[in-house]
Amino acid sequence: MARAAWSDDEVEAVRDLAKTFFEKEVVPHEEKFVAQGHPDRALYNRAGELGLLCPAIPAEYGGGGGTFAHEAAIIEEQARAGDGSMGIPVHSSIIAPYLYEFGSEELKRRVLPKAASGEIVLSIGMTEPGTGSDLQNIKTRAVLEGDEYVITGSKIFITNGWLCDGIIIAAKTDPTKGAAGVSLIFAEVGDHTPGFERGRILNKIGGKAQDTAELFFDGLRVPASNLLGGAEGQGFYQMMQMLAQERLVTAIIAVAMMEKAVQLTVDYTKGREAFGKPLFAMQNTKFELAECATITKVSRTFLDDCIDKHLRGELDIPSAAMSKYWLTDQLGIVVDRCLQLFGGYGYMTEYPISQLYTGARVLRILAGSNEVMKDLIARSL
């Protein structure tokens with residue numbers, strides 16, 4: 001595959017390292033991770049040792065000192081390898097930037113080096129059982145008592161929730177103010193932290209090896225200095241600012257999965273015979289793959305343009321929403337058509353195309369549902 005304009009030799013070196021890590025150290029253990037509902041915790045330490053965590057965080061805070069391009073390469077290789085277990089995109093490309101952009105100097109110097117080394121795993125608690133994408137109506141409360149916030153509430157569908165050692169909690173510090181009453185507070189947690197409890201590891205139709213959990217807070221006490229932004233009521237606006245990158249991360253995963261689906265299907269149809277000739281030789285197969293390859297090429301071109309813009313600080317909220325909605329929709333179309341060409345084997349869980357099919361579905365929901373993306377886009381027209 002041709003090198004993207006946003007890449008360079010250093011980015012490609014990181015890509016090669018990530019490819020080797022996922023293919024040799026992670027994917028071979030996927031069956032074990034599915035059984036336990038999460039990857040092995042030690043893999044985060046190993047990823048940190050290799051420099052695959054927080055590559056865009058400045059070196060003074062323990063990160064790689066690179067750019068989002070390094071993160072994009074790692075995310076792509078994870079998706080292409082077929083690893084559905086490790087929450088590295090959430091840890092490195094979503095949570096760490098919140099801490100870097102809005103955390104106090106003390107918080108950044110204390111937490112980010114541990115995040116980069118894999119000593120702590122990061123998560124974020126936005127979604128609640130009754131709110132979904134409606135972030136301004138969250139019910140979790142954070143009440144200031146002296147120099148601590150006391151947090152009460154619950155979160156659901158939390159990536160890295162079972163293994164996390166640090167979590168950004170979206171909570172209402174003033175429930176009378178709607179969106180203006182939302183704050184983000186970073187909590188360092190463990191299995192024996194008073195007021196913190198992990199619920200179930202959630203059983204999903206796809207991504208079964210990935211750690212997704214419920215979290216409960218019942219009087220969790222967090223230092224007031226862990227409030228992101230230094231003042232209450234900034235959380236909703238911080239989320240709106242950072243969600244553009246989260247949506248671009250989702251789009252990157254979608255295109256990498258799309259490319260993988262087409263590659264798998266071309267290889268399969270060239271090796272599979274039906275009615276005395278390779279399946280690929282049949283006109284319908286060729287036409288289907290020609291269309292899927294074209295959709296994938298157009299998607300890649302759009303994605304690369306979005307990454308370029310993001311690296312220049314020019315990716316606006318509507319464009320990020322467009323990339324998230326349209327590219328995840330296209331993935332659903334392409335992977336469905338590719339699975340059809342596998343016939344009955346495509347429905348078997350041991351075939352990677354089936355894992356791509358089930359894994360693709362959630363991308364149209366997370367980071368804000370595609371319906372919310374369309375509403376954001378419409379507001380800009």
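Axes in these legends are lines fitted to C-alpha atoms, for helices over the stretch in contact, and angles run from 0 to 180 degrees between N-to-C directions. The structure is a predicted model, in which local features need pLDDT of at least 70 and side-chain atom pairs count only at pLDDT 80 or more, while totals for chains, interfaces and linings use all residues. Residues are numbered from 1 along each chain as its sequence is written, and side-chain values use heavy atoms, with hydrogens and water left out.

**View 1. Helices α9 and α10 pack at an angle of about 150°.** The axes of α9 and α10 lie 9 Å apart, and the angle makes α9 roughly antiparallel to α10 (angles under 35 degrees count as roughly parallel, over 145 as roughly antiparallel, 65 to 115 as roughly perpendicular and the rest as oblique). Their crossing is left-handed, a term used if the near helix is turned anticlockwise from the far one by less than a right angle, with right-handed used if clockwise. Helices (H or I, at least four residues) and strands (E, at least two) are DSSP runs, numbered from the N terminus.

**View 2. Tyr 345, Tyr 347 and Met 348 make a nonpolar surface patch of about 360 Å².** Met 348 belongs to the loop between α9 (317–341) and α10 (352–361), and with a relative accessibility of 36% Met 348 counts as partly exposed (buried means under 20% relative accessible area, exposed over 50%, partly exposed in between, with a 1.4 Å probe and protein chains only). Patches are made of residues with over 30% relative accessible area and no salt bridge, where like charges are joined within 9 Å and nonpolar side chains (Val, Leu, Ile, Met, Phe, Trp, Tyr) within 5 Å. Accessible areas come from the Shrake-Rupley method with a 1.4 Å probe, and for residues only the protein chains shown count as cover.

**View 3. Helix α4 (residues 68–81) packs with helix α7 (residues 235–271) at an angle of about 40°.** The axes of α4 and α7 are 8 Å apart, and the two helices are therefore oblique to each other. In this pair, α4 passes α7 in a right-handed crossing.

**View 4. Arg 46 and Glu 49 meet through their side chains in a salt bridge (2.7 Å, N to O).** A salt bridge is a side-chain nitrogen of Lys or Arg within 4 Å of a carboxyl oxygen of Asp or Glu. Arg 46 and Glu 49 are separated by about one helical turn, because they are three residues apart in helix α3 (residues 42–50). Arg 46 is partly exposed, with a relative accessible area of 27%, whereas Glu 49, at 60% relative accessibility, counts as exposed.

**View 5. In another salt bridge, the side chains of Glu 105 and Lys 108 meet (3.8 Å, N to O).** These residues are three apart in helix α6 (residues 105–117), so about one helical turn separates Glu 105 from Lys 108. Glu 105 counts as partly exposed at 37% relative accessibility, whereas Lys 108 is buried, with a relative accessible area of 11%.

**View 6. Gly 181 lies in the loop between β4 (166–172) and β5 (182–188).** Gly 181 has a relative accessible area of 0% and is therefore buried. Its C-alpha atom is separated by 22 Å from that of Gly 195, which is 14 residues away along the chain.
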